[in-house]
Amino acid sequence: TLSIKYRIVEENKARPWIAIQPEISLRFGDGVNVSQTEANFTLMNYSLLFLFNNTLHEKIFFNYNTGLLWSGHGDMDYLLSASTSFAHTHRLGYFLEAYSIFNLNGFPLSFDGGLTYLVHPRILIDVYAGNRHADGNRHWFYGAGIAFRIDPEDLRPESYKKTGIHH
């Protein structure tokens with residue numbers, strides 16, 4: 001997964017910080033219609049997410065998201081999620097998430113969890129695994145991602161500690 005996260009509103013008391021995140025995801029592995037020898041860009045998925053985050057404690061955060069997801073075949077689904085994230089250090093964090101990718105045919109509940117690592121003040125990598133309900137079945141999955149974080153005041157350098165993983 002490749003994404004860009006752009007924060008548009010800062011957190012202020014009960015008001016969460018809000019970000020927008022477009023994503024591109026290219027599937028690979030041994031699944032249906034997935035080739036081990038060549039890329040098939042018709043399998044690429046796109047999404048546009050709206051991310052919300054409230055600080056519960058100095059190192060504990062509540063996150064909730066909504067968004068639209070498009071498959072390479074033109075189908076559109078919706079996303080609702082809620083998660084808790086924990087900042088182990090200013091660079092390393094963990095998250096647990098419950099979510100549903102749904103359409104008019106149902107609202108299946110799925111979950112995942114993972115680790116995040118702040119490589120640079122504006123570059124975040126993550127690894128995750130979970131269990132998803134799709135096509136009437138449950139599937140285990142895993143993956144990795146990289147996010148490039150952009151904020152309105154990005155023209156000046158930031159430190160790791162000021163930026164932190166929770167943004």
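Of the 167 residues in the protein, 32% are buried, where buried denotes under 20% relative accessible area, exposed over 50%, and partly exposed the range in between (1.4 Å probe, protein chains only). The model is predicted, with local features requiring pLDDT of at least 70 and side-chain atom pairs counted only at pLDDT 80 or more, while totals for chains, interfaces and linings use all residues. Residues are numbered from 1 along each chain as its sequence is written, and side-chain values use heavy atoms, with hydrogens and water left out.

The protein exposes about 10400 Å², of which carbon and sulfur atoms supply 63%; accessible areas come from the Shrake-Rupley method with a 1.4 Å probe, and for residues only the protein chains shown count as cover. Among the contacts with a separation of 6 or more, 39% are accounted for by residues 24 or more positions apart, a contact being heavy atoms within 4.5 Å.

The secondary structure comprises nine strands and one helix, in the sequence order β-β-β-β-β-β-β-β-β-α. Helices (H or I, at least four residues) and strands (E, at least two) are DSSP runs numbered from the N terminus. Strands are taken as paired if DSSP finds at least two bridges between them. β1 (2-9) is joined to β2 by five bridges in the antiparallel sense, and R7 stands opposite A19 in β2. β1 also runs parallel to strand β9 (residues 137-150), again with five bridges; here Y6 stands opposite I150. The pairing of β2 and β3 is antiparallel over nine bridges, with N45 in β3 as the bridge partner of S25. Eleven bridges join β3 to β4, also antiparallel, and S47 has L69 in β4 as its bridge partner. Two residues separate β3 and β4, which form a hairpin.

The loop between β1 and β2 contains K13. This residue has a positive phi of about 60 degrees although it is not a glycine. K13 is exposed, with a relative accessible area of 78%.

The largest nonpolar core has seven residues, namely W17, A19, L49, L51, L79, Y99 and I101. Such a core is a set of buried Ala, Val, Leu, Ile, Met, Phe, Trp, Tyr and Cys residues joined through side-chain atoms within 4.5 Å. Two or more of the core residues come from each of β2 (17-25), β3 (45-57) and β6. Leaving aside residues up to four places away in sequence, A19 touches K5, Y6, R7, I8, L49, F50 and L51.

One salt bridge is present in the structure, a salt bridge being a side-chain nitrogen of Lys or Arg within 4 Å of a carboxyl oxygen of Asp or Glu. R7 and E10 form it, with their closest N and O atoms 3.4 Å apart. R7 is buried at a relative accessible area of 9%, whereas E10 is partly exposed at 42%.

L115 lies in strand β7 (residues 110-120) and is partly exposed, with a relative accessible area of 39%.
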